[in-house]
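Visitor: I would like to go through this model and ask what stands behind each label.

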Amino acid sequence: MNFNSKSFYPISLKHHIIFWLIYFIITVVRWGGIHGDYLYSLKTTLTGFPIHMILVYSNIYYFMPKFIYKKKYIQYIVLIFSAILIMVVIKFNLTYYLVSHNIWPEGPENIESMTLSYTIDMMIGELYVIAFVSAIKLTLDFLKEQKRVADLEKAKLETELLFLKTQISPHFFFNTLNNIYSLAEEKSNKTGKIILKLSELMRYLLYETKQKRQTLEKEILCIENYLHLERVRHNQLLEINMSISGDIHNKNIAPILLLSFIENAFKHGVNKNIGRVKIDIDFKVNEDFLYFSVSNPLPAETKHKKRFNNSSGIGIKNAKKRLSLGYNKKDYKLEFINDNNLFIVKLKIKVS
């Protein structure tokens, strides 16, 4: 069930008044029709209703929280039956002295004192009222608890997603700042452009990734800024080939999701290799899906191995978690491939 502030309404005093008013009218009409005396029915109902209400509210606001919810069932049964019995005695005397000596017109005989049959019949009637209202209260408590759990789960997921969005490696920023410092020392004319690119990237990460979805265009621009900074870091030792095909306009995707895969490629494919390194990145949009791939060379120390599992790094785990939290399984497909000393990530994801 979907619980939210717009679809779930708490019970207020107005609802209590409406409930008892409807119940009162039904009771008066019902017994008035049975007895053929609506005035008598009105009087006895007015006499009995305060007793119903005392028992009901005592049960749902005291007996149930204090005993049922704490699994003290025997104490609850003893107390509730004792309370009902006391109320039946009070009801008998109020009816006898305030309304009529004919206490039980619907019974098998006229009585002027409490009998076992009368007591049992009245207790069953009170139990009916208590059970009916208790069922309503339990249902509302269940719905309220479900809403609370759903709200907590939603808050937990949102917090977790927010945390995962901030998982861009701090080493990247430290290294970039060091490069900016070096360029500044050399009085390079590239310094201003690099600071601007870093500023744009930071602004995007801090202020434009709070939504569940971001436009694919902005995501690609963010990635281009990231790649520009990586080119500065690695200078002539890095070759990046990025291709974009299809219509990327009016397409949406979880923010920073693709950047996690790209950062992972640099972490394992560039930083752990010596010499010139090539990174291939491809974006292809076909109808409602983006086909994304990024490939990087395997780390030099692992090339002699038959297979290298680069799908368990922090960045990849981050991306997997975000996919499972933010998308239905049918809306994406993630693959990891080792091929000719290359590690390839392929992602098909819905972007409509």
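Guide: What follows is a set of questions about labels and the values behind them.

Guide: This is a predicted model, in which local features need pLDDT of at least 70 and side-chain atom pairs count only at pLDDT 80 or more, while totals for chains, interfaces and linings use all residues. Residues are numbered from 1 along each chain as its sequence is written, and side-chain values use heavy atoms, with hydrogens and water left out.

Visitor: How many helices and strands does the protein chain have?

Guide: The protein chain has nine helices and seven strands. Helices (H or I, at least four residues) and strands (E, at least two) are DSSP runs, numbered from the N terminus.

Visitor: Why is Ile 256 called buried?

Guide: Buried means under 20% relative accessible area, exposed over 50%, and partly exposed in between (1.4 Å probe, protein chains only). Ile 256 has a relative accessible area of 1%, so it is buried. Ile 256 lies in the loop between β3 (252-253) and α8 (257-270), and its phi is positive, about 65°, although it is not a glycine.

Visitor: Why is Lys 71 called exposed?

Guide: The relative accessible area of Lys 71 is 64%, and therefore Lys 71 is exposed. Lys 71 is found in the loop between α2 (38-68) and α3. Lys 71, not a glycine either, has a positive phi of about 60°.

Visitor: What makes the nonpolar surface patch?

Guide: The patch, of about 530 Å², is made by Ile 86, Ile 90, Leu 94, Tyr 97 and Leu 98. Patches are made of residues with over 30% relative accessible area and no salt bridge; like charges are joined within 9 Å, nonpolar side chains (Val, Leu, Ile, Met, Phe, Trp, Tyr) within 5 Å. A salt bridge is a side-chain nitrogen of Lys or Arg within 4 Å of a carboxyl oxygen of Asp or Glu. Accessible areas come from the Shrake-Rupley method with a 1.4 Å probe; for residues, only the protein chains shown count as cover.

Visitor: Why is Leu 94 called partly exposed?

Guide: Leu 94 has a relative accessible area of 31%, so it counts as partly exposed. Leu 94 is placed in helix α3 (residues 73-98).

Visitor: How many aromatic pairs are there?

Guide: The count comes to 20 aromatic pairs. Rings of Phe, Tyr and Trp (its six-membered ring) pair if their centres lie within 6.5 Å; planes under 30 degrees apart count as stacked, over 60 as edge-to-face and the rest as tilted.

Visitor: What makes the pair of Tyr 62 and Phe 67 edge-to-face?

Guide: Tyr 62 and Phe 67 have 80° between the planes and 6.5 Å centre to centre, and the pair is edge-to-face. At 44% relative accessibility Tyr 62 is partly exposed, whereas Phe 67, at 10%, is buried. Tyr 96 and Tyr 97 also form an edge-to-face pair, with 5.0 Å centre to centre and 80° between the planes. Tyr 96 counts as buried at 18%, whereas Tyr 97 is exposed at 63%.

Visitor: Which charged end sits over the ring of Phe 289?

Guide: The charged end of Lys 348 sits there, 4.7 Å from the ring centre. A charge sits over a ring if NZ of Lys or CZ of Arg is within 6 Å of the ring centre and within 35 degrees of the ring normal. Arg 213 lies over the face of Tyr 327, at 4.1 Å from the ring centre.
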